[in-house]
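Me: I'm new to this one. Could you show me how to read a few of its features?

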Amino acid sequence: MTTVFGVPIQALFSQLLVGLINGSFYALLSLGLAIIFGLLNIVNFAHGALYMLGALTAWLLLEHFGIGYWPALILSPLVVGLFGAVIERTMLKRIRGLDPIYGLLLTFGLALVIQGVARNYFGVSGEPYEMPPQLSGGKNLGFMFLPNYRGWVVLVSVVICGLTWFVIERTRVGSYLRASTENPLLVQAFGINVPRLITLTYGLGVALAALAGVMAAPIYRVSPLMGADLIIVVFAVVVIGGMGSIFGSILTGFALGVIEGLTKVYYPEASNTVVFVIMALVLLVKPAGLFGRTA
Amino acid sequence: MTAPVEAETRGSLRGRTRSRDEVRSMRIPILILIVVCVGAPFVIYPVILMKVLCWALFACAFNLLLGYVGLLSFGHALFFGAAGYLAAHAAKVWGLPFELAVLTGVVTAAALGLAVGWLAIRRQGIYFAMVTLALAQMFYFFCLRAPFTGGEDGIQGVPRGKLLGLVSLQSNFTMYWVVLAIFLLGFFFIFRVIHSPFGQVLKAVRENEPRAVSLGYGADHYKLIAFVLSAALSGLAGGTKSIVFELASLTDVHWGTSGEVILMVLLGGLGTVFGPIVGAVVVVCVESFFAQFGGWVTVIQGGLFVVCVLAFRRGIIGELSRVLRRPL
C-alpha cells in the first residue's frame, strides 16, 4: 500500500476530506462574520448559535412538517436570516456607534439565550438527521472512497463562497455595501437606504451560518451546543486571516480546515489545538493577520 | 517664563487632591463593606459566602483590566482555572500547606498571564477579546488531556490542611475568616493600584491610547503589567476557591466561567470600585436560585447580558453613583 510519511494514502485522503468539510464550515462562518463586521462593526458572537439554529430548524421542519433536506436547504437559511434581521432591527440597531465591545457582549448574551432555550427543549445529546437518499453512498476514486454527501458539502460551500464574493465585489448592491463600509454617512447622502442595507447584511451573514448548519446536520448530530465551541475556532480563523478581506476569510477557512485534517493524521493529540497554535504564531509574525490591513 | 511651569504644578496638585478626595469619600462605603462581611457569617451559611467572596475577588481582578484599562479579556477563566488546578495539585499531591498551595496557583496564573498578555496585546479592541478567548480554549483542551488534571473528574478531595501549620481549616466558620482576609487583601491591593499614579496612566491609556503614547507612556508596557496583575489576582481567587471547595474541575477553565465574570462586572458597573462585588453577589444568588430549574440559568444569564448592554450600561453601582453624585 502506498504511504506518505508513514501514513497510508487512503487514511491521509479521507482525513484531508474531513478537513475540507470542516474548512467549508469555517469558510462560510468566517465569511459571514467578516461581512457583518465590515458594515456593523460588530463581532457576531451569536454566529455559532445561529449555525446551530439553522440545523435545528431543518430538523424541526422534517420532524413536524415532513419537509425534507432539499427544501430545508432554502427554507432554514430564510427563516434564520429573517430571525437575524429581527435581532438587528430590535437590538443591534440600538447600540450602533458604541464601543464594539458592547456588540460582542450583546451577541454573547444572545448566544447564551438561544443555546439555553434550545438545550431546555431538546436536551444535550442531540438528534440524528437523515442524509438525503440522493446523496447517500459514495464513489471509489481508486486512491480513496468519496462519500457523495461530503463531496456535495465541499462543492456547495465553494460555490456559495464564490457567489458571495462575486455579489460583494462585482455587483451594484455589493458596491453599495462596500461603500457603506467605508463611509455610511456619505452613501446615505447619495440616497441609499443604509439602515436597510445593514439589516439585509446581517440577515445575509446569518443566513450563511444557517446554511452551514443545515449542511452540517447529516454529518454531525443536531445538538444545541454544536456551535458553541465551533465559534471559538472560527474566531481564531478570523484573527489569523483578518476580517478586512472577503477572499482572505474564505481562503483561511479552507486552509485551516485542511491543516487541522492533516494534524489528525500525523499528530492526533494536537488536532483540537492546532488552529490556536497557528493563531499564536501568526500574532508573533504578522500581528495584523495574514490578509488584514493595519490593526 | 515661570507661568506655564506654575500652572502645570498647580494642575498636577489639583489632580492629586481630587484623587485623594475620591479615596477619602470611599471611607464610608468601605466601612459598610467590612461590617457586612464580618457580620454575614453569623446570619448566612458561610459556604455560600465563601463562594461569593471568591467570585467577587475574581470580578474585582477582571474589573482592573476591563474597567480601568478598557481591555476585554474573554479568557480569564484560564487564570482562574489554572491557579485552581495548580493549587489543588500542590495541596493534594505535593502536600503543601494552604498558603503555599494558593501561592503556587498565583505564581502559575501570573506566568500564564505574562505569556497570554504578551501575545494578546499585539491586537486591540475586539481582536484582543477573540485572541484571549482562543488561547483560553486552547488551555481548556490542554486541561482535558493533561494527566494531572484528572480530565472530566477534575481533582477531587483536595485537603484544606492547616493555615501556617497551626490552625485547622476544616471548619467552614474558620475557613470563612481566612477567605475574607484574602479577599480584603486583594480588594485593597486593587484599590491602591487604581488610585496610584500607575492607575492614572492606565485610565489615560483607556481614554486615549495614542495620546498617552504621545505623552511618552509606553502603553503596551502598562497594559502588560495590568494584565499580569489581573491574571495573578484571578489566580488568587481561583486557587482559594479550589481549596475551599476541595475541587478543581474543567468548569473553571471553560469559556462559560469567563462569561460569568464578565457578566458580574457588567452588571455591577464597569470601572467602579464596588460594582464587581455587587455583581458577584447578584450572579451567585441568581445561579443558586435558578439551579433547581436546570438549564434556565444560562438563559437568565444571557438575558441579563442583553438587558445590561441595551438599557443598563452603567450597572447597579454605576447608576447608584450617578444618583448619589459621588464615585463608588
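Me: What should the 23 residues of helix 8 of chain A span, at 1.5 Å a residue?

Reply: Keep in mind that this is a predicted model. Helix 8 of chain A covers residues 194–216, so at 1.5 Å a residue it should span 33 Å. Its end C-alpha atoms are 33 Å apart, which agrees. Helix 8 is also mostly covered, with 18 of its 23 residues buried.

Me: Which residues of helix 11 of chain A are buried?

Reply: They are A:Val275, A:Phe276, A:Ile278, A:Met279, A:Ala280, A:Val282 and A:Leu283. Their packing partners come from both chains: helix 9 (228–241) and helix 10 (246–266) of chain A, plus helix 5 (98–120) and helix 6 (125–145) of chain B.

Me: How do I read the contact between the chains, and how many residues does it take from each?

Reply: In general, the size of an interface is often given as the accessible area lost when the parts come together. Here we can count residues: 34 from chain A and 33 from chain B. On the chain B side, helix 6, helix 11 (255–268) and helix 13 (296–311) each supply at least two residues. Helix 6 of chain B gives the most, with 13. That side divides into 21 nonpolar, 9 polar and 3 charged residues.

Me: What radius of gyration would a compact globule with 328 residues have, and what does chain B have?

Reply: A compact globule of that length would come out near 20 Å, and chain B has 20 Å, so the two agree. Chain B contains 14 helices and 4 strands, and buried residues make up 50% of its 328 residues.

Conventions: Residues numbered from 1 in each chain as written. Chains lettered and ligands numbered in written order. Predicted model: local features only at pLDDT ≥ 70, side-chain atom pairs only at ≥ 80, totals over all residues. Buried ≥ 20, exposed ≤ 12 C-beta atoms within 10 Å, placed from the backbone. Contact = placed C-beta atoms within 7 Å. Nonpolar A, V, L, I, M, F, W, Y, C, P; charged D, E, K, R; others polar. Expected span 1.5 Å × (residues − 1). Rg over C-alpha atoms; globule rule 2.2 N^0.38 Å.
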